[in-house]
Every structure is written in structure tokens, then in C-alpha cells.
Amino acid sequence: MGRIFCPVCGSSVEKLYGGMCEECYRKTHPLVILPKKAVKIIICPVCGSYLIGRKWYNPKIQGDISEVVQKTLSKSLKMKGEVKDLEVANANFDEILGIKRGMVRIRIRGKALPDFPFYDEEYNVSIKLEFKLCPKCIDIKSKREMARVQVRVRNRTFTREEVSKIERTVNKILQELYSSDKSAVPIEVTIKDEGIDYIFSSQKVARTVALRLKKIFKAEILETFKNAGISDKGKRLSKITYRVQLPEFREGDLIVLNNKRYYVYKIANRQLKLLSFPNYSFKNIFLTKSLANLIHVVMRREAMGYALVVSVTPPYVQIMTLDGEYSTKEIWLPKIPKWIEQGKKIGYFTLDDGIFLVPLPT
Ligand SMILES: [Zn+2]
Ligand SMILES: [Zn+2]
């Protein structure tokens, strides 16, 4: 077969498409035309369904933002040629959820002409989140508030990670309840700096949510009643607020209890597994309410550095920090704990009186 030259790039090919080689054709015919403005992603803050055009859709997994973004972009971006798949290749959804906008990288599988084999193209798409109640949730909202669950944490504000964990947990509880109790849908959810408020028309649902959160997060519950007038049938009504207070510390935090420093390795079934310093031994304690009050956080797990164990030569451990500077440090340990092994990734805290090595939280 004769070879021809592509007039655009000059390469020798067998066939031209629209006067150029396949590669040049692809380059000049992208699979998608990106909009000038950010693509709006509209989500119902209560049930997590999302709006495309005039129709509301339920995500397969409630609260799965990546699915919502993928579906919305698939349906609202203007495609060219034959596109068979669009996926989110990379996105920092934590940040996007925080500031309600951001950039996602998408991968599109398709072809500009029917003769071509399928290939992938990647694009950065700017998106903007908007929260809007869906019609189903507006219906529920018109109901009367009878109970409120306030989720708070002792002596500090929630991290973004914790907020999404609480949201996921509450959504899961509500989904379970919903099959037998249709009032298991919040009238309103407000996320504030100090915590999350869920408003319900059912006191039973609110109570179940509060009790389940208490169990899962080792929280305390404070119950308050407020007069809410008289019902249609002349009965006296009262509103209940369940204040669910989570303990100040989390797995991975460095705490002080009775003037001694510990690392919170695990929290499970009211048991705390603590690593004590400087002898590096584990200690299990049963977490009671009064004990929780005695615990104070010295350093949050966000302040933890990561390191690689380079060598273990008792009584010394050599580590290389992985936080960007890759410096090596030698730490004297009277007894080398089992979790410190050559080649393992560990955490460390830098304090006034030295460096404390810790196993990574599970
Ligand atoms: Zn060419
Ligand atoms: Zn909704």
C-alpha cells in the first residue's frame, strides 16, 4: 500500500482523515468541548440525590460524591465523536466538599471517528457544588420539628474528616431505620464549625440515632426538653434535644493522663489501647466517663510525622523522615518494641524532650 505524508506533521502514513494523519486528527478533534464556566453539581443536602437537567437521581451509595460528579459530567459535558466512558481520574473531594468548588481530572474513553480504535483522553474540569433540597425532602421539611440531635466534640471543633465520618455513619443508621420507619429522614441537617445538627419530626428516630452514635463514637448524651406548645388534639408537646458529645481525643492523638504521656493506638468497644512513654509498652484501659474527662490532648495526629525505619541496632533505631526533607535521625530506645522493624513505616512526634516513635494508627 502506498504511503502518504500528513500535511500537518509530515509523518508518513497509510491513510488521511479530513486531510491529516490519525494523530493530528485526534489532536484537533478533542472528545469533549469544555465549558467556559465551572460545571454545576447540584446535590440535595439531606438525601444526597443529585439533579441533572430536570430529573433527580439517587446515587448507588448515598453520599458518594465521586459517583455524583461522574454521572453529572457524563450527562452534561458536550461530547464529540463516539464516547463510551467517562471516569473521574483524580480529584481531592475532601477539599472540594470543604470549599464547594475545585478541579477534577477526568478520563474519557472514545474515538473521534468511527474508523479509529478507542483511546483515552484526560481533561481538567472545574466544578462547583450547589446544595438544594430535592422535592421529596422539601415535603419532609414541611413537617414539624420534634427532636434534634446535636453532634459535638469536647473542647475543640471537628476536623473535616470527622464530619464526613459522622455524616456517613448517620446516613447508614437512617437508611437502616427507613425500611421500617419512613420518618427516618432528617427535616434539616446543618453543618457548623462546632458540629452537626440533625432535626427530625420523630423523637424515636432521633433517640435511636443518638444512642447509636453514643455507642459508635464513645460519646456522652445530654437530653434536654423544651415546651413546644399544644398539639392539634390538645396534648402538651415537648421537643427533645440530644446532645451527643464525642471525646476530645481520637486514635493517633498524643494525650496526657495523670501527668503521663500516651499515644492512643486504638479505641474499640470502650477499650483504649495506649502506648506509654518512655518505656514503649502498651496498656489497655477501660474508658469510663470520668476517665475521659481526665484525658487531654497534647498533640493531634495531624502533627504526627511519618518515617521509615532504616536500621535497628539495639539500643538504637535509625529512622528517615518522610515529610519532605528525608533526614535521618538516631533514637535511643532502652527496649525495642516489636512494631519497630527495619523497612517499616512508622509515625513520630517531636516534643521538647525528644522524639517519640509510634505505630501508625490502624
Ligand atoms: Zn499528522
Ligand atoms: Zn433530598
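This is a predicted model: local features need pLDDT of at least 70, side-chain atom pairs count only at pLDDT 80 or more; totals for chains, interfaces and linings use all residues.
Asp 85 belongs to strand 8 (residues 82-91). Asp 85 is classed as exposed because 12 other C-beta atoms lie within 10 Å, the limit for an exposed residue being 12 or fewer.

The largest nonpolar core contains 29 residues. Within this core, the residues with the most contacts are Val 149, Phe 200, Ala 206, Val 209, Ala 210, Leu 213 and Val 244. At least two core residues are supplied by each of strand 11, helix 5, strand 13, helix 6 and strand 15 (236-246). Helix 6 provides the largest share, six residues. When neighbours within four places in sequence are left aside, Val 209 is in contact with Val 149, Val 170, Ile 173 and Tyr 198. Another core lies apart from this one and has 21 residues, among them Val 264, Ile 267, Ala 307 and Leu 357.

Helix 6 (203-217) has 15 residues and spans 21 Å from its first C-alpha to its last, close to the 21 Å expected at 1.5 Å a residue. Its buried residues are Val 205, Ala 206, Val 209, Ala 210, Leu 213 and Phe 217. Viewed down the axis of helix 6, these residues fall within an arc of 130°, so they line one face of the helix. They pack against strand 11, helix 5, strand 13, strand 14 (220-230) and strand 15. Lys 218 follows helix 6 and has a positive phi, near 55°.

Helix 5 (residues 160-178) has 19 residues and reaches 27 Å between its first and last C-alpha, close to the 27 Å expected at 1.5 Å a residue. Ile 166, Val 170 and Leu 174 are buried in helix 5. These residues cover an arc of only 65° around the axis, and therefore lie on the same side of helix 5. In an α-helix there are 3.6 residues a turn, so residues three or four places apart point the same way. The buried residues of helix 5 pack against strand 11 (147-153), strand 13 (195-200) and helix 6.

Terms used. Residues are numbered from 1 along each chain as its sequence is written. Chains are lettered from A and ligands numbered from 1 in the order in which they are written. Helices (H or I, at least four residues) and strands (E, at least two) are DSSP runs, numbered from the N terminus. The expected span of a helix is 1.5 Å times one less than its number of residues. A residue is buried if 20 or more other C-beta atoms lie within 10 Å of its own, exposed if 12 or fewer, and partly exposed in between; C-beta atoms are placed from the backbone. The arc is that of the directions from the helix axis to the C-beta atoms. Two residues are in contact if their C-beta atoms, placed from the backbone, lie within 7 Å. A nonpolar core is a set of buried Ala, Val, Leu, Ile, Met, Phe, Trp, Tyr and Cys residues joined through C-beta atoms within 7 Å.
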